[in-house]
Amino acid sequence: MRLTIVAVGQKVPDWAQTAYDDYAKRFPPELKVELKAVKTEPRASKTLETLLSAERARIEGVIARGTHVVALDERGTAVTTVALAERLKSWQLSGDDVAIVIGGPDGLDPDFKRAAHERLRLSDLTLPHAMVRVLLIEQLYRAWSITINHPYHRE
């Protein structure tokens with residue numbers, strides 16, 4: 001199974017990239033995690049609809065056909081770490097590749113969110129995009145550790 005994190009926005013602070021890289025390298029070869037950053041649409045005198053549509057096209061351009069798409073959305077389903085572990089296990093058993101999508105400053109295109117197989121919410125708080133990458137990769141690593149009974153996650 002390949003797990004791809006698709007994130008709108010290419011520049012993140014060094015601390016966030018370092019933290020992301022630290023967790024990403026911990027995953028085993030059978031659960032490859034990769035990050036695909038796509039360009040944020042320039043804001044100059046464009047409508048929100050135009051911006052989101054352009055970013056949607058970029059997102060869809062990096063997601064392989066047949067991939068299970070999970071959109072991160074403030075109105076998505078809230079999950080606990082244990083519930084995320086159960087989802088991760090289910091995704092692994094299905095054998096499908098999974099893409100988890102982090103929107104840009106204006107979120108994700110509404111049609112993209114509707115078309116996603118799942119919509120999940122990481123937090124009720126509004127988080128900086130760099131922090132979302134770090135939080136997501138850490139929670140995915142923690143979820144994986146639960147699925148194999150690794151000591152990283154202690155209840």
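The legends below describe views of a predicted model.

Local features rest on pLDDT of at least 70 and side-chain atom pairs on pLDDT 80 or more, while totals for chains, interfaces and linings use all residues. Residues are numbered from 1 along each chain as its sequence is written, and side-chain values use heavy atoms, without hydrogens and water.

**View 1. The protein chain contains 5 helices and 5 strands.** Helices (H or I, at least four residues) and strands (E, at least two) are DSSP runs, numbered from the N terminus. From that terminus the elements follow the order β-α-β-α-β-α-β-α-β-α. The C-alpha trace spans about 50 × 35 × 30 Å along its principal axes.

**View 2. An open sheet of 5 strands has the order 2-1-4-3-5, with parallel pairing.** Strand 2 (32-38) and strand 5 stand at the edges with a single partner strand each, so one side of each has no neighbour in the sheet. The twist averages 30° from one strand to the next. Two strands pair if DSSP finds at least two bridges between them; strand 3 and strand 5, which run parallel, are joined by 5 bridges. A78 stands opposite R121 in strand 5.

**View 3. Helix 3 (residues 81-94) packs on the sheet.** This helix touches strand 1 (2-8), strand 3, strand 4 (98-102) and strand 5, where contact means heavy atoms within 4.5 Å. The direction of helix 3 makes about 150° with that of strand 5. Axes are lines fitted to C-alpha atoms, for helices over the stretch in contact, and angles run from 0 to 180 degrees between N-to-C directions.

**View 4. The largest pocket has a volume of about 550 Å³.** Of its 22 lining residues, L72, D73, E74, L127 and H129 are the closest to the centre. A pocket is an open set of points on a 1 Å grid over the protein atoms alone, where a 1.4 Å probe fits, with protein on both sides within 12 Å along at least five of seven lines; lining residues have an atom within 4 Å of a point. A volume is the space filled by probe spheres set on the points, which are joined across faces, edges and corners. Strand 3 (68-78), strand 5 (118-121) and helix 5 (129-147) each supply at least two lining residues, and the largest share, 4 residues, comes from strand 3.

**View 5. The second largest pocket holds about 180 Å³ of space.** Its lining includes E60, I63, R65, F112 and H117.
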